Amino acid sequence: MPQISINSGRLLEDMSRLRTFGACGTGVVRPAFSEADIAARKWLANRMKEAGLEPVFDPAGNLFGLPAGDRPCLLVGSHTDSQPEGGWLDGAYGVIAGLETARTSIEAGGPPVAVVSFQDEEGRFGVLTGSRIWSNALSLAEADRLADATGRTFGEVRRSMADLCTGDFLPADRFSGFIEAHIEQGPVLDSAGEVVGVVDAIVGIRSENLRFRGQQNHAGTTPMAMRRDAFQGLVAFTDELNRRLAEIVTPASVWTIGHVAVHPNAASIVPGEVDFTVQWRDGEDARLDRMREVIIGAAEKTARTRGLELERSAYMAVPPTATDDTLRARLEAAAEKLASGKWRKMPSGALHDAANVSRLMPVAMLFVPSIGGISHDFAEDTAEEHLVLGAGVLAEAVFKSQ
């Protein structure tokens, strides 16, 4: 078996080039199917081709780089789209580390490695849209009906890539397993002075869109006791929710009201409607189910006591995911070889494409530290030496897995 040694300069150069697409200060604005996202995917496809891989865009906009031959190989990668205000490493690191691993393996005569950048991981049209479609958790027809915050549908915007998305969906048996490298997006590794995390499980996630509908009215002439204020309903719901959930959750459970839209959103009008999302995460399916019961119960109580109507839509659930023992052991061995005493096994509190891919094949994940635990923010960053080390761990594990 030949020895593998990644080209750290090439890795960092590719990382720097990718961050120019949609650059905004120290971060990026590269939502799925935006001009910046499509330009980045075209560039990445060319880099794959230059590395000796065949770039293939499937109908959902997922980009694969395939090695020569048809025997099953490991798939590595992540995503390259960003949050509306995103960091430069979220997802992008796993794709470029995967590309460097595949490229180095070709140069060293190692095993074939495929690379992927899944589309819309960050949820412009839902959570992990591209990998949900590819893993058969969501049909393309269903996905095409999903709409973003502006009302544009997935089907509409993916037509902007019609000239690129000429390939079919790749069969899962083309790959023997999937490894996703990622920044941690949390403070554990950085605060502990550790440099690699090997993921043993990915938490489950649930989300639902809710609406309180009250009565829009004049802000100066409507007595407080007679108001059906939808926004005040949201405030009351938040207090009720926090109180009720505190009785059933663990310190690792989290829940978030992350998107709020008030109508008509005017200073002199009592709000008649408020739309909001509730998202919750935990490592156990049963607790996720119980949390949903509490969330809906709190919303129903709030609506009933404040004279509001409650509407619910767009419920989504991804179960907790355990990583594969064999692939995880190879990552652990690689971490011990390259970062002895400075790595740990840990869960992922963030959701990743690997959770969907696990429906099709064994999966594993590794983390590198996020400085200050910051992510989903322009300030997101990781030390260069940790980016290089993490890619080295990935390459070492890939070489030993086939």
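1. Basis. Residues are numbered from 1 along each chain as its sequence is written, and side-chain values use heavy atoms, without hydrogens and water. Because the model is predicted, local features need pLDDT of at least 70 and side-chain atom pairs count only at pLDDT 80 or more, while totals for chains, interfaces and linings use all residues.

2. Buried means under 20% relative accessible area, exposed over 50%, and partly exposed in between, with a 1.4 Å probe and protein chains only. Helices (H or I, at least four residues) and strands (E, at least two) are DSSP runs, numbered from the N terminus.

3. Surroundings of V196. Beyond its neighbours within four places in sequence, V196 is in contact (heavy atoms within 4.5 Å) with residues including L189, A335, W343, F367, L389 and V393. K342 and R344 are also among its contacts.

4. The structure holds 30 salt bridges, each a side-chain nitrogen of Lys or Arg within 4 Å of a carboxyl oxygen of Asp or Glu. In the pair R103 and D14, the closest N and O atoms are 2.9 Å apart. R103 lies in helix α3 (residues 92-108) and D14 in helix α1 (residues 8-18), so the pair ties together parts 89 residues apart in sequence. Both R103 and D14 are buried.

5. D289 and R206 meet at 2.7 Å, N to O. Since D289 lies in helix α9 (residues 285-306) and R206 in strand β9 (residues 204-213), this bridge ties together parts 83 residues apart in sequence. D289 is partly exposed at 38% relative accessibility, whereas R206 is buried at 5%. E309 forms a salt bridge with R213, with 3.9 Å between the closest N and O atoms. E309 lies in strand β15 (residues 309-318) and R213 in strand β9, so parts 96 residues apart in sequence are tied together. E309 is partly exposed at 43%, and R213 is partly exposed at 25%.

6. Network. Salt bridges with shared partners join R10, D14, R47, E50, E100, R103 and E107 into one network.
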